[in-house]
Amino acid sequence: MLAEIATSLTLASVYGLAQMKKDGGVGDDVKKIRQIADAIGLKKNGQSIIIRRRDPADKEKNKFYSEYIFQIPLGLAFSDFETKLNVFQDGLNIKKTLYSFSLSDIKKINIKKLMKLKSLKAKINYIKKFIKDKNSIRKSIEMSYDGMIHFKVYDQDIPNQVDFNVEKWDECNGWKLPLGENREGTVFLDLASGHFVIAGATTFGKSQLLKLMISTLLTNKPNETEMTLVDLKGGLEMQYFEDCKQTINFADDIETAVASLKHIVADIQQRQKMLRVKKVNNVKKAGINKRHFIIVDEASQLAPSQVPSKYKELAKEAQAYMSYITRIGHSMGYTLVYATQYPVGDVMPNQIKANSNTTICFRLETDTQSETVLDQKGAEQIQLQGRCILSVPSGRQQVQTYLIDDKTIKTVVTPNIVIKSRKDDTLAEVRKEGTTNRRYTLELEETEVLN
Ligand SMILES: Nc1ncnc2c1ncn2[C@@H]1O[C@H](COP(=O)(O)OP(=O)(O)OP(=O)(O)O)[C@@H](O)[C@H]1O
Ligand SMILES: [Mg+2]
């Protein structure tokens, strides 16, 4: 009885706090957005932005954000607003009063848990913590434009760091990769959906992501995965996986890289012939379950403009093979994952970019690099390691990628290690011959591949 009285007293006091600020909801954000726009001069001839529609968040339908759609005054551009995203975000987070509650917030209090707490002090502490948590929520904004400007206002921001938990792999079926988290939870990608471009300045998370990708393949598809690993930073990042049975080719210098890529192109051509005989146009229809991933960490080391002159021809050859793989490889079961620190000029070949349908872009040094990778500015504003802009055909979003630790990687790798590494005597051959002694004559059907 005493507990019930205490509970209702505490609830009443929380409700009282909620009453302190009745304009803490939808109308308030709209008003604030307009005020901020006015304050930073985003109006024209005295005309402010005009609210046209508002869609509040609807947790039941898994809609985690409120969306406000404004018409912008004639003479202003979306980019005028987009570049001020941080100003809008900070403005929304200035609180007029210490606490801001709505009735839906109060509904979130776990009454059962509250009732179970024995002492009044514990109950008050629970409520205090709830208030503190609620008060520390930081709203964040996403902007887009379709003739009207859309402000999506989230009640919580993307986490700053998320450590990978192996249980995430249980949530993956097929070729799914748990990439990281956005404001709504885990973001999954389909590793069999096409080629990947990964860009990002040094130390922002490319190699970590590649390790997460490979560990995911080894965990969920150990018998259907084949890999060619090209690690031109001396093999330091990919060395964990060098002796896995799935690693068909491992290249840590440019000659071996070119020879391995050449080999892949030959395999693709052979497979094309085989599918022609079977009268099907892709591996799925041919009932082939294996997929081969060609993972290139630091592709700038295969760009003619970036290598010493004695390697220029080899670099041209490597790029031609990679372009070929992105044009023909996907339906033949070959996927290129192309990672680079330095996406400028010939480091980001048009064909590779155009034929890759997933781009994961970490922080880049300049807005020009961001435009090269994403066709828009923005990656230069990323501050956090592991934070990326994910671009897929259905849209773009920011994601905090998972950070996988070495211990987990080792656990995944161990059962896949083979004593005599790989099935390939082929690579040994390739290594021995290098590319100076060209034994392979490729009948490249699309002859421009070597131009
Ligand atoms: N997803 C992440 N979350 C948090 N921290 C991360 C994440 N990814 C990487 N980091 C931090 O950044 C460091 C460097 O990451 P990583 O080796 O992946 O960078 P990189 O982009 O490959 O850099 P480089 O271009 O120099 O090879 C990691 O050791 C880790 O401390
Ligand atoms: Mg790296």
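Trainee: How many salt bridges does the structure hold?
Mentor: The structure holds 11 salt bridges, each a side-chain nitrogen of Lys or Arg within 4 Å of a carboxyl oxygen of Asp or Glu. This is a predicted model, where local features need pLDDT of at least 70, side-chain atom pairs need 80 or more, and totals for chains, interfaces and linings use all residues. Side-chain values use heavy atoms, without hydrogens and water, residues are numbered from 1 along each chain as written, and chains are lettered from A and ligands numbered from 1 in written order.

Trainee: Which residue does aspartate 29 pair with?
Mentor: Lysine 139, with the closest N and O atoms 3.1 Å apart. Aspartate 29 sits in helix H2 (residues 26-39), and lysine 139 in the loop between helix H7 (120-135) and strand E3 (140-145). Helices (H or I, at least four residues) and strands (E, at least two) are DSSP runs numbered from the N terminus.

Trainee: And how far apart in the chain are those two?
Mentor: 110 residues, so the pair links distant parts of the chain.

Trainee: Other topic. What is the mean pLDDT?
Mentor: It is 84, and 81% of the residues reach 70 or more. pLDDT is the predictor's confidence in each residue, from 0 to 100.

Trainee: Where does it stay under 50?
Mentor: Over residues 1-26, which have 34 contacts (heavy atoms within 4.5 Å) beyond four places in sequence. Residues 430-451 are also below 50.

Trainee: How do H10 and H11 cross?
Mentor: The axes of H10 (residues 254-278) and H11 (residues 312-328) come within 9 Å and cross at roughly 30°. Axes are lines fitted to C-alpha atoms over the stretch in contact, with angles from 0 to 180 degrees between N-to-C directions. The two helices are therefore roughly parallel, the word for angles under 35 degrees.

How values were computed
Angles under 35 degrees count as roughly parallel, over 145 as roughly antiparallel, 65 to 115 as roughly perpendicular and the rest as oblique.
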